[in-house]
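Please keep the sequence and the structure in view while reading.

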Amino acid sequence: RGSTYPSDQSPEPILKLERIAPALFVLLWSSGWIAPVYGSRHATAEVFLSVRFALAALAFAIFSVLAGARWPREPKLIFHGLMSGMLMHGAYLGGVWWAIFNGVPASVSGVIAALQPLLTAALAPMLIGERLSPIQILGLVLGFAGILTALVPSFEGVEAGAFATRVWPIAINVMAMFGAVFGTLYQKRFVRDGDMRTTAVFQYVGAF
């Protein structure tokens, strides 16, 4: 009685996933450069990530079974899941973590990885025929500028000679960033069908 909503409508939830997803993504993505700093004290990058990927695959498998998610039946769908996971998680996180474990400052690694959205946007028209609007491109540029602004002070404590002695780890970090670029484009092109819950299982198996 007295409701302002029509009889065939219900009030929308205060916090919709679409509204909080960007903030959750930033929180989870940025934490990826905190964990290696502490993880390096207890294990190698390979061991740490292998355990992480294996547990993630198991967790998604259990969740998919309990939720009754549809599993892919075509071999090509399974292959695409494995390949996208190998690039986005295995090559990307494997390279980033290995570089940090081998002396690349987390701030430097963060700036390198921040190039990934810009390169993805630059390559998307050529590889998958997808173009970003000028506003989206401006947003990516501003985001990268913001990361630089936030992290430049942390470079002050890194001596110039430190970069020279870490050429190989930095190169690995750059190659890892390209793994994320091509993994993102690969998924956009080939991983379009199927349930993402079960696809995630194969992605983490591929990463492992």
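How much space lies in the largest cavity? The largest cavity holds about 70 Å³ of space.

## Basis of the report

The model is predicted, and local features need pLDDT of at least 70, side-chain atom pairs count only at pLDDT 80 or more, while totals for chains, interfaces and linings use all residues. Residues are numbered from 1 along each chain as its sequence is written, and side-chain values use heavy atoms, with hydrogens and water left out.

## The enclosed cavity

Rolling a probe the size of a water molecule over the atoms shows where empty space is left. On a 1 Å grid over the protein atoms alone, a cavity is a set of points where a 1.4 Å probe fits but cannot get out, whereas a pocket is an open set with protein on both sides within 12 Å along at least five of seven lines; lining residues have an atom within 4 Å of a point. Grid points are joined across faces, edges and corners, and a volume is the space filled by probe spheres set on the points. The structure holds 1 cavity of 30 Å³ or more.

The lining of the largest cavity consists of Pro72, Leu77, Ile78, His80, Gly81, Phe190, Val191, Asp193, Gly194, Thr199 and Phe202. Two helices, α4 and α10, each give two or more residues to this lining (helices are DSSP runs of H or I with at least four residues, numbered from the N terminus). The largest share, 4 residues, comes from α4. By type, the lining divides into 6 nonpolar, 4 polar and 1 charged (Ala, Val, Leu, Ile, Met, Phe, Trp, Tyr, Cys and Pro count as nonpolar, Asp, Glu, Lys and Arg as charged, and the others, Gly among them, as polar).

Is Asp193 buried or exposed? Asp193 is found in the loop between α9 and α10 and is exposed, because its relative accessible area is 54% (buried means under 20% relative accessible area, exposed over 50%, and partly exposed in between, with a 1.4 Å probe and protein chains only). Asp193 and Leu77 are 116 residues apart along the chain, yet their C-alpha atoms are separated by 8.0 Å.

Thr199 lies in helix α10 and counts as buried, because its relative accessibility is 7%. Not counting residues up to four places away in sequence, Thr199 touches Gly81, Val191 and Asp193 (contact means heavy atoms within 4.5 Å).

## The pockets

The largest pocket has a volume of about 1,400 Å³. Its lining comprises 35 residues, of which Phe25, Leu28, Trp29, Ser30 and Tyr92 lie nearest the centre of the pocket. Helices α1 (17–30), α4 (75–101), α5 (106–113), α6 (115–127), α7 (134–155) and α9 (167–190) each supply at least two of the lining residues. These residues divide into 22 nonpolar, 11 polar and 2 charged.

The second largest pocket has a volume of about 190 Å³. Its lining includes Pro117, Ala124, Gln136 and Leu185. Helix α6 gives the most to this lining, with 4 residues, and α6, α7 and α9 each supply at least two. The lining divides into 7 nonpolar, 3 polar and 2 charged.

## The nonpolar cores

In soluble globular proteins, nonpolar side chains tend to be buried together. A nonpolar core is a set of buried Ala, Val, Leu, Ile, Met, Phe, Trp, Tyr and Cys residues joined through side-chain atoms within 4.5 Å. The largest such core has 17 residues, and those with the most contacts inside it are Trp33, Phe53, Tyr92, Leu93, Val96 and Trp97. Two or more residues of this core come from each of α3 (45–67), α4, α9 and α10 (196–207), and α4 gives the most, with 6 residues. Apart from this core lies another, of 9 residues, among them Val108, Leu123, Ala124 and Leu185.

## The salt bridges

The structure holds 2 salt bridges (a side-chain nitrogen of Lys or Arg within 4 Å of a carboxyl oxygen of Asp or Glu). One joins Lys76 and Glu74, with the closest N and O atoms 4.0 Å apart. Lys76 counts as exposed because its relative accessibility is 51%, and Glu74 counts as partly exposed at 41%.

Arg197 forms a salt bridge with Asp195, and here the closest N and O atoms are 2.6 Å apart. Arg197 is partly exposed at 30% relative accessibility, whereas Asp195 counts as buried at 15%.
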